[in-house]
Amino acid sequence: MALRVLAHFVPGPKVLDLLAAESWLDIVWCAEDDDPGFYRELPRAEVIWHVLRPLSSTDLQRATRLRLVHKLGAGVNTIDVETATRRGIAVANMPGANAASVAEGTVLLMLAALRRLPALDRAVRAGRGWPANPDLGETVRDIGGCTIGLVGYGSIARRVGVVVAAMGATVLHTSTRDDGRPGWRPLPELLAVSDIVSLHVPLTAATHHLLDADALAAMKPDAVLVNTSRGAVVDEDALVDALRGGRLAAAGLDVFEVEPLAPTNPLTSLDNVVLTPHVAWYTADTMARYLTEAVANCRRLRDGQPLAHLVAPVIDRPTGC
């Protein structure tokens, strides 16, 4: 009997090709903004392949056949794990599966913000920028001459560190404690000395607004902030104030406190900000890795084997759920 999977994203043809041989999976594709389709399929789903749309306690209570929520990625802050666990629904993620893509996206935002790529692109399209703005030679720097501070030091941050170190940068990092690795600094010191600060922590109660107004004020006024982790790690209002007031040079942001980012958000009006729509992870290579892991865990579920990368203990589904 086929395993019913609700995949909460719209696939391209390459994704469908990767799954062509998995006829034992009954996959229903649902766009993230298709709430009617999602709620129509939810009561029949045994597995959800989850990307970004929040899964609330109410959603999980409607999912009467659900056995597994498999996050395509690492962060599970948009899933009510407590309710899932209480209802006997396994929650798994894919740590490291998107690390290569997010690391490259992080370096892309570093370079784009540091080198003023959006402003220069607009100038060229408008027939401006010739001869070169002399201000560039006064303020634009090479990554190789920078000290780069990585806040958090998981698989993504370590990959970023390898890349920028190869470009000549000095790499510092921080986490909740000194783990003995070279370059560790406590957060206040890292913020004070870094030319580029890059965020790589999950969103938890402890990291919510980790970079608040005081933390941003501790950074160099010519520093660049890059965030490819979660938007609410930064106090967005304080960030806008710092960027407008010249207390921070630039920012490269792939994630935001509220997603999708509203066109009226003040970040969209700032010339010293590079914005991408939470896609640092989104490449054909990452999708292939995601689907390989998702199918493998579905196979384990079908065959009664232990699931990989559980984020909470699995308990028996309560009677009547």
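Reader: Hi! How do α5 and α8 lie to each other?
Author: They are oblique to each other (angles under 35 degrees count as roughly parallel, over 145 as roughly antiparallel, 65 to 115 as roughly perpendicular, and the rest as oblique). This is a predicted model, where local features need pLDDT of at least 70, side-chain atom pairs count only at pLDDT 80 or more, and totals for chains, interfaces and linings use all residues. Residues are numbered from 1 along each chain as its sequence is written, and side-chain values use heavy atoms, without hydrogens and water.

Reader: What's the angle between α5 and α8, and how far apart are their axes?
Author: About 50 degrees, with the axes 8 Å apart. The axes are lines fitted to C-alpha atoms over the stretch in contact, and angles run from 0 to 180 degrees between N-to-C directions. Helix α5 covers residues 99-114, and α8 covers 155-166 (helices are DSSP runs of H or I, at least four residues, and strands of E, at least two, numbered from the N terminus).

Reader: Switching topic: which peptide bond is cis?
Author: The one from E259 to P260, with omega near 0 degrees. P260 sits in the loop between β10 and β11.

Reader: And what is phi at H209?
Author: Positive, about 55 degrees, although H209 is not a glycine. Its loop runs between β8 and α10.

Reader: What about H278's phi?
Author: H278 also has a positive phi, near 55 degrees, in the loop between β11 and α12.

Reader: Is H278 buried or exposed?
Author: Buried, at 10% relative accessibility, whereas H209 is partly exposed at 24% (buried is under 20% relative accessible area, exposed over 50%, partly exposed in between, with a 1.4 Å probe and protein chains only).
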